[in-house]
Amino acid sequence: MTVQTYRTQWFTSPGEAGRDVLAGLVVALALIPEAIGFSIISGVDPRVGLYASVAIAIVISFTGGRPAMISAATAAVAVVVVPLVREHGVEYLFAATILMGVIQIGAGLLRLDLVMQFVSRSVITGFVNALAILIFMAQLPQLTGVTWHSYAMVAAGLAIIYLLPRVTKAVPSPLVAILVLAAVSIAMGLPVRTVGDMGRLPEGLPSLVLPNVPLTWETLRIILPYSLTMAAVGLLESLLTAQIVDDMTDSDSDKRRECMGQGGANIAAALVGGMGGCAMIGQSVINVTSGGRKRLSTLTAGVVLLILLAGLGPFVGRIPMPALVAVMVMVSIGTFSWNSIPNLRRHPPTSSVVMLVTVAVVVLTHDLAKGVAAGVLLSGIFFAGKVRRLFGVARTEDAGTIRYRVTGQIFFASVDRFTRAFQAEPGRDVVIDVSAAHFWDISGVGALDKIVARLRRDGASVEVIGYNQASADLVDRFALHDKTGVELGLAPH
C-alpha cells in the first residue's frame, strides 16, 4: 500500500471527514451496550469489554486493511473464553488475548487470508442472513417484560431512522433518533431500561498493564487452545465482514493487512485490560449506512467511546435502551439479504441449500465458525458432485483395435464411474485415449493403474495415449505400472 493510498483512506475533503465523524459518533453509542453485554457473557467486569472496544477500534483504524469497518469486543470471541475465565481467572484471559493477537499476525504473514477464496457467495449470503437474524434476536430481551413506553420508543426511533433521510441527510438519522429519544426519556422520566442498567460503567482512562500470570509452559498449555480458537473465529468473522463491507461500498480491501491489524489490535486490547475482539457486522453496517467510508470513522468511534466512558459516564448511563434497540433493528433489516428469498427459486438448488444450511447452523448454534464451516463443506461436496458428472468414456472399435476415449476430470469423486466404464477385452489391442481428460489426484492415477492391470490380466494389450503434461507428471510419480514417457517424447500429448 502506497503512502498516497493510505492517506486517501483517511479523508479527501472536509465534507467527507464530517460524515465520517458523525458516523463514528453513532457507532460509539451503539458499542456501549454491546460491549457490556459481551463482558457479562464472558463473566468479567463491564470495563473489560468497554476498554477492549476502545483499544481495538483505535488501533485497527491505523493498522487494518478495510477502511470504515468497525472492530471491537464481540460475542463470537466472548463465548469462547467463558470456561477459561471461570476456571483460571481474568488474568489468563488477558494472556490468551495477547497470544491470540500473535497468532493472527502470524496468519497474516502466512497469507491464510487466501482461505477466503474457498468461501462461496452462497455461504457469504447465509452468513449475512444468519447475522441479521441473530442481531434481531439479541434485541428481544430488551422487548420482553417492559412497559408500553419501550415499544412506543422503539417505534418512534424506527420512524425517525427511516423518515428523516427523506427530509435531510446532513446528519445520520440513527444519531438523531438516539439523541431525541434520550432527551424525551430523561425529560419525562419514562420507565424504560437504560444503558446503566446493563452494568456499571467504568470511570477514568484505562491503564497499561501486563497479565499477572506465570511465564511457564503450563500457562501456555492452558491458554493456547483458547487463543487458537479465538484467533480463528476472530479472523473468520473479520474477513467475512470485510467482504460484506467491500460489497456495500463497492471497494476493495487488503485482507492480509486486516489479519495482521486484528492481531495488533487484540494485543493492544489485552495490554489495557481488555478482552479479545474482531470485526462487527452490525456496527460496520451502522457506520456505512450513516455515511462512514474512511478510517477516520473507525478512529472516531474509538475516541468518542473513550471520551464517553471517561467524562460522560453518568449521561451515557441514562441513554434509553429502546433507542439503541431501534438502531439495531434497523441494522438487522438492512443487513438481511432480502433478494436471497426470491433467489431461492431462481438460483440452483445446491446454492440455495448451502445458504439455508449456513443460516440454520449459525442460528441454532450461535457459532459463526460452525455455520461457515458447514456451508464451505457442503459447497465442496456439491462442487465435487458437479465436476464428477462432467465425465464420460466412449468405446469404439476400428480395424480390430478397441479404443476408449476418456473425457472430463478424473479424481476421487469420479474414479468409480471411470473404472466401471471398462469391460474385459481378452486378446484384443486396447488404446485408452486420455487427451480430453485430466488426472487430478492419486485416486485417479490409482484407478488408471487398476484398469490397465485388469485388462492385461485378461490378456489384452494396453496402451495409454494423450496425457497432458500435468497428468503425465502425476502418473510418472505415482503410477505402479506404466510410466507415460512424456518427458522423453515417447508418448503423444
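In the predicted model, the axes of helices α7 and α18 come within 10 Å and cross at roughly 155°. Because angles over 145 degrees count as roughly antiparallel, α7 and α18 are roughly antiparallel to each other, and their crossing is right-handed. On the side of α7 the contact is made by Val-123, Phe-127 and Leu-131, while α18 contributes Leu-368, Val-372, Gly-375, Val-376 and Ser-379. Sorted by class, the contact of α7 with α18 comprises six nonpolar and two polar residues, with no charged residues.

Helix α18 also packs against α10, at an angle of about 65° and with the two axes 10 Å apart. That angle makes α10 roughly perpendicular to α18, and the crossing of this pair is left-handed. Here Val-233, Leu-236, Glu-237 and Leu-240 of α10 meet Leu-368, Ala-369 and Val-372 of α18. The residues of the contact of α10 with α18 divide into six nonpolar and one charged, with no polar residues.

A further helix pair is formed by α3, which spans residues 46–63, and α13, which spans residues 295–311; their axes come within 8 Å and cross at roughly 155°. With that angle, α3 is roughly antiparallel to α13, and α3 passes α13 in a left-handed crossing. In α3 the contact involves Leu-50, Ser-53, Val-54, Ala-57, Ile-58, Ile-60, Ser-61, Phe-62 and Thr-63, and in α13 it involves Arg-295, Thr-298, Leu-299, Gly-302, Val-303, Leu-305, Leu-306 and Leu-309. By class, 11 residues of the contact of α3 with α13 are nonpolar, five are polar and one is charged.

The largest pocket of the model holds about 840 Å³ of space. Its lining consists of 36 residues, of which Glu-34, Phe-38, Ala-75, Leu-134 and Ala-138 are the closest to the centre of the pocket. Two or more lining residues come from each of α2 (14–42), α4 (75–78), α7 (121–139), α10 (217–249), α12 (281–289), α15 (321–335) and α18 (368–389). The helices α7, α10 and α18, whose packing is described above, are therefore among the elements that give two or more residues to this lining. In terms of class, the lining of the largest pocket has 25 nonpolar residues, together with eight polar and three charged residues.

Note on methods:
Residues numbered from 1 in each chain as written. Predicted model: local features only at pLDDT ≥ 70, side-chain atom pairs only at ≥ 80, totals over all residues. Heavy atoms only, no water. 1 Å grid on protein atoms, 1.4 Å probe; cavity = no way out; pocket = protein on both sides within 12 Å on 5 of 7 lines; lining within 4 Å. Points joined across faces, edges and corners; volume = space filled by probe spheres on them. Helix = DSSP H or I, 4+ residues; strand = E, 2+ residues; numbered from the N terminus. Nonpolar A, V, L, I, M, F, W, Y, C, P; charged D, E, K, R; others polar. Axes fitted to C-alpha atoms, helices over the stretch in contact; angles between N-to-C directions. Parallel < 35°, antiparallel > 145°, perpendicular 65-115°, else oblique. Left-handed = near helix turned anticlockwise from the far one by under 90°. Contact = heavy atoms within 4.5 Å.
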